[in-house]
Amino acid sequence: MALRMWASSTANALRISSASKAHLSPAFSLSRCFSSVLEGLKYASSHEWVKHEGSVATIGITDHAQDHLGEVVFVELPEAGRSVSAGVGFGAVESVKATSDVNSPISGDVVEVNSKLTESPGLINSSPYEDGWMIKIKPSNPSELESLLGAKEYTKFCEEEDAAH
């Protein structure tokens, strides 16, 4: 997210484990400190993820991002039919700590919006990679996926970013 992510010093000091996140299969995730990163997804350095399946790409914010934001209380999303551009904001997430813009990792046309987030924004906290997805788009330039980070690269990026703060 455009707003610099920051973790509480207590969470960093305690090095809280992701063991409580039983819905994520260990075979498909990399655990780091207190966040999970799933294999098979692509990640932006602004902490959004993309799952590209066929002609549709699902986008949301990462477990790392939601963990740093804290309890999500409001989500602003675009309407279906709107175009989004790589690296440009399409919505916002408001938490008890901050409000952050959400950028699209790739360009395309919004084909579906997760309307469940209007009534239950906390789905982003409890299930960032499943029920907490934000938008689905039809990519206009699928080659943009190649510039995004894989799971191992994103994990390393987060570790370096956290160490710098």
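**Helix H5**

Exposed is over 50% relative accessible area, buried under 20%, and partly exposed in between (1.4 Å probe, protein chains only). Helices are DSSP runs of H or I with at least four residues, strands are E runs of at least two, and both are numbered from the N terminus.

This is a predicted model: local features need pLDDT of at least 70, side-chain atom pairs count only at pLDDT 80 or more, and totals for chains, interfaces and linings use all residues. Residues are numbered from 1 along each chain as its sequence is written, and side-chain values use heavy atoms, leaving out hydrogens and water.

Which residues of H5 are buried? I found Ala151, Tyr154, Thr155, Cys158, Glu161 and Asp162. Seen down the axis, the buried residues of H5 fall within an arc of 130 degrees, so they line one face of the helix. The arc is taken from the directions from the helix axis to the C-beta atoms.

**Sheet**

I traced an open sheet of 6 strands in the order S3-S4-S5-S11-S10-S7, with antiparallel pairing. Strands pair if DSSP finds at least two bridges between them. S3 (42-43) and S7 (83-84) are the edge strands, each pairing on one side only. S4 (residues 48-53) and S5 (residues 56-61) pair over 6 bridges. Valine 50 stands opposite isoleucine 59 in S5.

**Histidine 47**

I looked up the loop between S3 and S4, where histidine 47 lies. Histidine 47 is not a glycine, yet has a positive phi of about 75 degrees. Histidine 47 is buried, at 1% relative accessible area.
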